[in-house]
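These are my notes from an afternoon with one structure. I wrote down what I looked up, in the order I looked it up.

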Amino acid sequence: MSVERPLINSSVPHSARIWNYWLRGKDCYEIDRQVGDQIVEANPAILDIARAQRAFLVRSVEYLVTEAGIRQFLDVGTGLPTANNTHEVAQRLVPETRIVYVDHDPVVLAHAEALLTSTREGATDYIDADLRNPDAILEHAAKTLDFTQPVALMLLGITAHVTDDSAYEIVGRLMDALPSGSHLVLCDDTEVLNPEQMREMIEQWNEASDNPRINRSPEQLARFFDGLELLEPGLVSVSRWRPAETGAQEPAEVDDFGGVARKP
C-alpha cells in the first residue's frame with residue numbers, strides 16, 4: 001500500500017531510531033545516537049537486550065516455519081527495519097510465507113517501503129495502526145492473511161507501551177481472532193537481573209520519547225499466555241529460548257523475558 005511520508009524532526013530523539021541504533025542500524029540521527037549512548041552509559045545491558053531480542057525473533061520464526069508449519073505472520077510494533085526482519089527470515093526458508101507488519105509510528109511509516117519487499121511467491125504488507133486498536137489491525141490484516149489458517153502473532157517489545165492492564169485484553173482480542181494452531185510470540189523487558197538499572201533506563205526512555213513504556217515482571221508477562229500451550233522451555237530470558245547449540249555454556253540471561261505458545 002502507498003503511504004504518505006510524514007515530516008521527520010531530526011533534532012528530537014526518537015525511540016524507534018534509538019532502538020535501531022542499538023541494533024547497528026543506519027536509520028538514526030546524531031541526537032538519537034547521543035540519547036542512545038546516554039541510556040547505554042546508565043544501563044550497558046540494553047545493548048545485549050536489544051540484540052538478544054532480535055536473535056529471539058530469528059529463532060522463533062525459524063521454529064514456526066520449519067517445525068510448526070506456520071506460513072502467516074502478523075508482526076505488531078515492528079519498528080524500523082534492520083537485518084533479519086520477520087519476512088526475511090520466514091521467506092528465506094519458505095518463499096510463499098505471508099507477513100503483515102503493523103506500526104503506528106510516523107517515523108516507521110516513513111520507512112515502510114523498506115519492509116514492502118517480498119518473494120514473488122509470498123506477500124508482505126504494512127498497516128499503519130496502533131496496538132491499542134486490535135479490531136482495526138485485524139480488519140486490515142485480513143486483506144493479506146487468511147484467518148481460517150494458523151497465524152503467528154509477533155509482539156516483541158511492544159506490550160510495554162500499553163502501560164495498564166488493558167494490554168492483556170488487547171492481546172486476548174487478537175488471539176481470539178486467530179484459529180487453532182496459531183502461535184503467540186511475545187517478549188518484553190523485566191527487572192529481574194538489574195532492577196535499578198532497568199528502572200533508570202525506563203525513566204530515561206520516557207523522558208526522551210513520547211511513547212512511554214513500563215517493565216513487567218515474568219509473572220505479569222506470563223498472563224499474556226493464559227489459555228495457550230506454552231512451548232518448552234517456557235517463559236525465559238530471550239537469550240535462553242532455544243539458543244543455538246555451540247557446545248559452550250548456556251548464554252547469559254538478559255532482562256527481557258519471552259516465550260512462544262500455541263493456541264489449542
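Which residues of H2 are buried? I found Ile31, Asp32, Val35, Gly36, Ile39, Val40 and Ala42. I keep in mind that the model is predicted.

**Entry on helix H2.** I looked up the extent of H2 and found residues 30–42, 13 residues in total. From first C-alpha to last, H2 reaches 19 Å, close to the 18 Å expected at 1.5 Å a residue. An α-helix has 3.6 residues a turn, so residues three or four places apart point the same way. The buried list includes Ile31, Val35 and Ile39, and it also includes Asp32 and Gly36.

**Entry on the cores.** I looked for the largest nonpolar core and got 46 residues. Trp22, Leu64, Phe73 and Met154 have the most contacts inside that core. Helix H3, residues 45–66, gives the largest share, eleven residues. Apart from this core lies another, of 33 residues, with Leu145, Leu155, Tyr168 and Leu228 among them.

Leaving out residues up to four places away in sequence, Met154 touches Leu57, Ser60, Val61, Leu64, Phe73, Leu74, Asp75, Val76 and Val185.

**Entry on Thr86.** Is Thr86 buried or exposed? Thr86 has a relative accessible area of 1%, and because buried means under 20%, I put Thr86 down as buried. Thr86 sits in helix H4, residues 86–93. Beyond its neighbours within four places in sequence, Thr86 is in contact with Leu57, Val61, Phe73, Asp75, Ile99 and Tyr101. Leu57, Val61, Phe73 and Asp75 were also on my list for Met154. I checked one pair as well: Thr86 and Asn211 are 125 residues apart in sequence and 23 Å apart in space, C-alpha to C-alpha.

**Entry on Ala129.** Ala129 is in the loop between strand S3 (123–128) and helix H6 (134–141). Ala129 has 10% relative accessibility, so it counts as buried. With neighbours within four places set aside, Ala129 is in contact with Val102, Asp103, His104 and Ile137. From Ala129 to His111 I noted 18 residues in sequence and 15 Å in space, C-alpha to C-alpha.

How many cavities of 30 Å³ or more does the structure hold? I found one. About 570 Å³ of space lies in the largest cavity. Its lining has 37 residues, and the closest to the centre are Gly77, Thr78, Gly79, Leu156 and Gly157. Helix H1 (15–22), H3, strand S1 (72–76) and strand S2 (98–103) each give two or more residues to that lining. By class I noted 16 nonpolar, 13 polar and eight charged residues for the cavity.

I also looked at the second largest pocket, with about 180 Å³ of space. Twelve residues line this pocket, and Leu23, Arg24, Gly25, Thr82 and Ala83 are the closest to its centre. The classes for the pocket lining are three nonpolar, four polar and five charged.

**Entry on the backbone.** I noted two items here. The peptide bond from Glu232 to Pro233 is cis, with omega near 10 degrees. Pro233 lies in the loop between strand S6 (229–230) and strand S7 (236–237). Arg242 has a positive phi of about 45 degrees although it is not a glycine. Arg242 lies in the loop between S7 and strand S8 (256–262), and with a relative accessible area of 32% Arg242 is partly exposed.

How values were computed: Residues numbered from 1 in each chain as written. Predicted model: local features only at pLDDT ≥ 70, side-chain atom pairs only at ≥ 80, totals over all residues. Heavy atoms only, no water. Core = buried A, V, L, I, M, F, W, Y, C linked by side-chain atoms within 4.5 Å. Buried < 20%, exposed > 50% of the residue type's maximum accessible area, 1.4 Å probe, protein only. Helix = DSSP H or I, 4+ residues; strand = E, 2+ residues; numbered from the N terminus. Contact = heavy atoms within 4.5 Å. 1 Å grid on protein atoms, 1.4 Å probe; cavity = no way out; pocket = protein on both sides within 12 Å on 5 of 7 lines; lining within 4 Å. Points joined across faces, edges and corners; volume = space filled by probe spheres on them. Nonpolar A, V, L, I, M, F, W, Y, C, P; charged D, E, K, R; others polar. Expected span 1.5 Å × (residues − 1).
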